[in-house]
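Subject: Structure for you to look at

Hi,

Here is the structure I promised to pass on. Have a look at it first, then read my notes below.

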Amino acid sequence: MSFISPNKRLYALCDANSFYASCEKVFRPDLKSKPVVVLSNNDGCVVAQSKEAKELIELWMCRPWFEIEEQAKKLGIVAFSSNYELYANMSNRFMTTLRQFAPRQEVYSIDESFLELTGMKRNWIEYGQEIKDTVMQWTGLPICVGFGTTKTLAKLANHCAKKQEQMRGVCDFTSMTNSELDNLMQTLPVSKVWGIGNKLEAKLNKLGVHDVLRLKRANPKRIRDEFGVLLERTVRELNGESWLELEETLPESKQVMSSRSFGSRVSTLVELQEAVSFHASNAGARLRKQKLFANALYVFIQNSPFDKAEYYSASLVVPLPASTDNSMQITKAALWALKRIYKRDIYYQKAGVMLMDLVPATSQQVDLFGFTLGDGKAGLLMSTMDAINQKYSKGAIRLAAEGVHKQWAMKRELKSPNYTGDWRELAPAK
């Protein structure tokens, strides 16, 4: 059993391995040991690889699919279009499963979650294996678990759990002696520390800081003078001082954005109006989910900068008469803006809507009679739409302005069924 001082905190970082690719494998047992890649919007580039695919050729990340498709097929690689609906549902199952293992949880990203275990007494290697086994049994997702007395150390421990096979997916820094931990840190490049990207790594390397141990032993005051308070906190966290609090609630959004590249180029105003209406309605639904209201919106359209034709990108910010979360009002304002920035004879590649100047529902300004735009029939209509779409499937009911055929919709020719969110896409019983 690991001994933790009563005044020391303890964190675990649970991270799903190759999350997108793993989600695709859950419902395809025939792909269990086969290489799998997942492509970006419109089947553009490789954005996720299974372990087997990485072992074949790791340099395929972010490579355009059309360049490597032929070679990939020869190697037996199976490709999928991004299935965001499936990934979101699987993420919710993953996070719900983890919730039983700790009194406090921070959902850090779609495939990562911090657990605070302060005050609990366990053999953390065994506890990590129990978490791993439960997640695999309940969701089918392979994960790794890292334990540390700070969030930065837990994140680093998780990296070690992934890369060192002898750890079997669980790494506990608290069970290591100081010399054992230092020896391990000395083998890790400084870029493996949470928050250190390429540019910061290059600056640290110039000062002779190449590995994690060297950063840990750096003078915090000098680091602060040279790089700022954020890196100073990282150094202190590497030394076991907890500076990063667990965030159990998501920070309030500053903007809500809905945007996608088109599956095929769009040139007519009617097609653009459908796309902008879809994004405006989608952004409105996200706004209501977060219980926020918007005071302004931003609409943009553009063609590709790589086209032979002259690049055209236009946008317009529209202040709203009053804060609102009503998709109909948002769509009306977005279409008004679109008409003012649209130019003919341009093959547009992308459009989007961003809602700005957001305020909580409780901070809305009321009218003379104490009502807000969220009250009355309009508010009831929006809540009814949301309830129907949540019960059945996204887009089950939508604004007529979004169109029916949607020729501009994102291309996903290799998309797998939405196994967890649509009854109609379940495989028939044999």
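Before the notes, one term: a pocket here is an open set of grid points with protein on both sides within 12 Å along at least five of seven lines, and its lining residues have an atom within 4 Å of a point. Keep in mind that this is a predicted model.

I started with the second largest pocket, which holds about 1,500 Å³ of space. Its lining is made up of 38 residues, and Asn17, Ser18, Lys51, Cys144 and Lys162 are the ones that lie nearest the centre. Several elements give two or more residues to this lining, among them strand E1 (11-16), helix H1 (19-26) and helix H5 (124-139). Helix H6 gives the most, with seven residues. What sort of residues line the second largest pocket, by class? There are 18 charged residues, along with ten polar and ten nonpolar ones.

Is Thr139 buried or exposed? Its relative accessibility is 6%, and buried means under 20%, so Thr139 counts as buried.

The side chain of Thr139 also has two polar contacts to look up. It reaches the backbone oxygen of Val135 at 2.6 Å, and one of its polar atoms lies 3.2 Å from the backbone nitrogen of Leu141. Leaving out residues up to four places away in sequence, Thr139 touches Val26, Met90, Arg93, Phe94 and Thr97.

Note on methods: Residues numbered from 1 in each chain as written. Predicted model: local features only at pLDDT ≥ 70, side-chain atom pairs only at ≥ 80, totals over all residues. Heavy atoms only, no water. 1 Å grid on protein atoms, 1.4 Å probe; cavity = no way out; pocket = protein on both sides within 12 Å on 5 of 7 lines; lining within 4 Å. Points joined across faces, edges and corners; volume = space filled by probe spheres on them. Helix = DSSP H or I, 4+ residues; strand = E, 2+ residues; numbered from the N terminus. Nonpolar A, V, L, I, M, F, W, Y, C, P; charged D, E, K, R; others polar. Buried < 20%, exposed > 50% of the residue type's maximum accessible area, 1.4 Å probe, protein only. Polar contact = N/O pair within 3.5 Å; in protein donor to acceptor, adjacent residues only side chain to side chain. Contact = heavy atoms within 4.5 Å.
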